[in-house]
Amino acid sequence: MSEEGIPDDPLIKDVVRKSLGIWGAPAEDNRDDTTNSIVDKYKKYVHRKWVFIVVCIVATVAVLLLALTVGDYPLTVGRCYEIILQQITGYQFPQGRESLEASIIFDIRLPRVYLGILAGIGLAAAGVAMQSTLMNPLADPYTTGVSSGASFGATIGIVLGISIFGVPAQYTTVINAFVFSLIPMLVIIVLSKLRNGSPTTMIMAGIAIMYIFNAFTTLISLMAEPEKLQQLYRWTVGSLAMAGPSDVVVMAVFVIPGVIALQFLTSKLNILSTGDDTAKSLGVDADRMRRIILLIVALIAAAVVSFTGLIGFVGLVAPHIVRIFVGPDNRFLLPASAAFGALLLVVADLIGRVIIAPAQLEVGVVTAFMGGPLFLWLIVRKNSKVWG
Amino acid sequence: MTVELQDVAFSYHGMDSPVISGINLTLDRPGLYCIVGPNGVGKSTLIKCINKLNKPTAGRVLINGWDTRELSLKEVARYIGYVPVTTFDVFSMPVIDAILLGAKSESKWRTTDSDLEMATRVMKMLGIEDLAMRGFNQLSAGQHQKVAICRGLIQKPKMLILDEPTANLDVKHQVYVTELLRGLAETSGVIVLMISHDLNVAAKYAHEIIVMSPPGVISKVGPPEEVITEELISDLYDIECKVTLDEGRPHVVLGSARSI
């Protein structure tokens, strides 16, 4: 390569010569002090993200163990640990006290904690994906109308007793909520294929569909009997008390592969969050990628909502809180938010179970009570610039 | 690397008349090409047709002989880098991460040392290495522009398209960035195509100037001394002007606008 034609300015000459390294020729300065310092700082920055993720996971496990001991039937941490160990080693619990204790742990308390963990992971990860995909800090897993569809499904199940596919009564709410929650997303995807699929269009379409569904839901609720209305209301608030061990498995089938799929798309999410033109110029088909991510998010959110009802807040705020500590790089933000979301829900559920015992406060209420002030404090304290 | 536009036209959805039409242009040699022309004439629309950000409504674009309609965005991105006019991120990444989005290896889970070295190198070229860990949204418009240029450079494209890369830069950096782009074109064999509103910067550094005039057509292509004439500038912008020669390159002295 010749230097012919490089402007005479020595500064330019120097810069261009160094730049040759970028296009393949050997670079002059491989590792000078500036480079070393930037590499060091960047590594520390990445290290901090890992620390945050690990702390959240460890804390979640600790809370899980603690949560197993809390309830009407007293069980110590040691006894819980012993029972779990016995179960793992294939110990046959004799009838009576031991079998009862094992049943309390494996049939009641553990499924509830697992449900909290799965819901937290699913909602927070889906929230991250939605905010980056739609380039909107107010987006959450329900932005495309998942919640309104689910509410409508649950309402016709609980109030009118309509069960689609004719499933047995105990599954009516779950199946109805799941099926109807997917409808708004499908409408949005079809719309975005017909017209343009810009984030704003998608959000507005989501709002439009939400109003339509909500109108029907309100109409039906107006003619509901009081006791059914109460049942419906409990569902709307969001609770971890509704599901059993088999439900945890079904939810996991949607949430775990969904979150893993999103994790694989995180580097594309990073590119998507810089805007459509930049994304396309970097080789990412923004419209197609948005539809794929929306579909995955809808499946995760639908699965969570169907079993737990509308647990708000986690999907919107967990990503924001985590962004303060981890930054907006989705490759780290997504797993960190998932871990934090799980922790938040498990802690909130635990508090809800003890704070007004023997009565229980639903987890949806506690997350908002806890997370709201925490979030406010962080906004003031951290004075973060991550939202621009 | 050759890029060929054959009879390209483009109209936005729902608009009757095309924004640009009958565009024929061949870029087959490395060099700095500047597109000039009045506001709204279709300069940005044209450059977006080259890398498939806009899909031409008529005609075709060939990259090394391949029709871009047959190429995926990913394949196009391998050849062409694009620096948009303004960027603003909703969630503010550190500058170095924002730049690394342009590096193909970013699609991997880990950011390697060589990625970071490369990013540092492009940041040094634009003199923004001190901003590496700064949040993108904490920067000024000019600094944003430099980050965007870095992101284009780290793609190592064979062709770099820039939409008004000097728009928010101070005079020193307008000259510096344009010189840098020319230097890149000459030493690295890159075709650099940029939109510029500064006729004198374009005239001083461009190898060729592409003039666009209403209604969205290319009216002239050639070296600055052939293209930048008093007649052309006054017709194009409806403004009085004088063109003098400065070291063999045309220099435009603007008079007053004739009408609005």
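Visitor: What makes β7 and β8 of chain B a pair, and in which sense do they run, parallel or antiparallel?

Guide: In this predicted model, strand β7 (residues 159–162) and strand β8 (residues 191–195) of chain B are joined by four bridges, in the parallel sense. Two strands count as paired if at least two bridges are found between them, so the four bridges of β7 and β8 of chain B meet the rule. One of the positions involved is B:Leu162, whose bridge partner in β8(B) is B:Met194.

Visitor: Which helix packs on the sheet and touches β3 and β8 of chain B?

Guide: That is helix α6 (residues 171–188) of chain B, and its direction makes about 155° with that of β8(B). Helix α1 (residues 43–50) of chain B lies across β3 (31–36), β6, β7, β8 and β9 (208–213) of chain B. The angle between helix α1 and β8(B) is about 150°.

Visitor: What is the order of the strands in the open sheet of chain B?

Guide: The six strands follow the order β6-β7-β8-β3-β9-β10 (chain B), and the pairing is mixed.

Visitor: Why do β6 and β10 of chain B stand at the edges?

Guide: β6 (80–83) and β10 (217–222) of chain B each have a single partner strand, so one side of each has no neighbour in the sheet. From one strand to the next, the twist averages 15°.

Visitor: In which sense do β9(B) and β10(B) pair, parallel or antiparallel?

Guide: They pair in the antiparallel sense, over five bridges. Within this pair, B:Ile210 stands opposite B:Val221 in β10(B). The hairpin of β9(B) and β10(B) has three residues between the strands, and B:Gly216 there takes a positive phi near 80°.

Visitor: How do you know whether the radius of gyration of chain B agrees with that of a compact globule?

Guide: A compact globule of 260 residues would have a radius of gyration near 18 Å; chain B has 19 Å, so the value agrees. The C-alpha trace of chain B spans about 55 × 40 × 35 Å along its principal axes.

Visitor: What share of the residues of chain B count as buried?

Guide: The share is 51% of the 260 residues. A residue is called buried if 20 or more other C-beta atoms lie within 10 Å of its own.

Visitor: What is the mean pLDDT of chain B?

Guide: The mean is 88, and 97% of the residues of chain B reach 70 or more. Where pLDDT is low, the predicted coordinates should not be read in detail. The model scores ipTM 0.88 and pTM 0.87.

Methods:
Residues numbered from 1 in each chain as written. Chains lettered and ligands numbered in written order. Predicted model: local features only at pLDDT ≥ 70, side-chain atom pairs only at ≥ 80, totals over all residues. Rg over C-alpha atoms; globule rule 2.2 N^0.38 Å. Buried ≥ 20, exposed ≤ 12 C-beta atoms within 10 Å, placed from the backbone. pLDDT = per-residue confidence, 0-100. Helix = DSSP H or I, 4+ residues; strand = E, 2+ residues; numbered from the N terminus. Axes fitted to C-alpha atoms, helices over the stretch in contact; angles between N-to-C directions. Contact = placed C-beta atoms within 7 Å.
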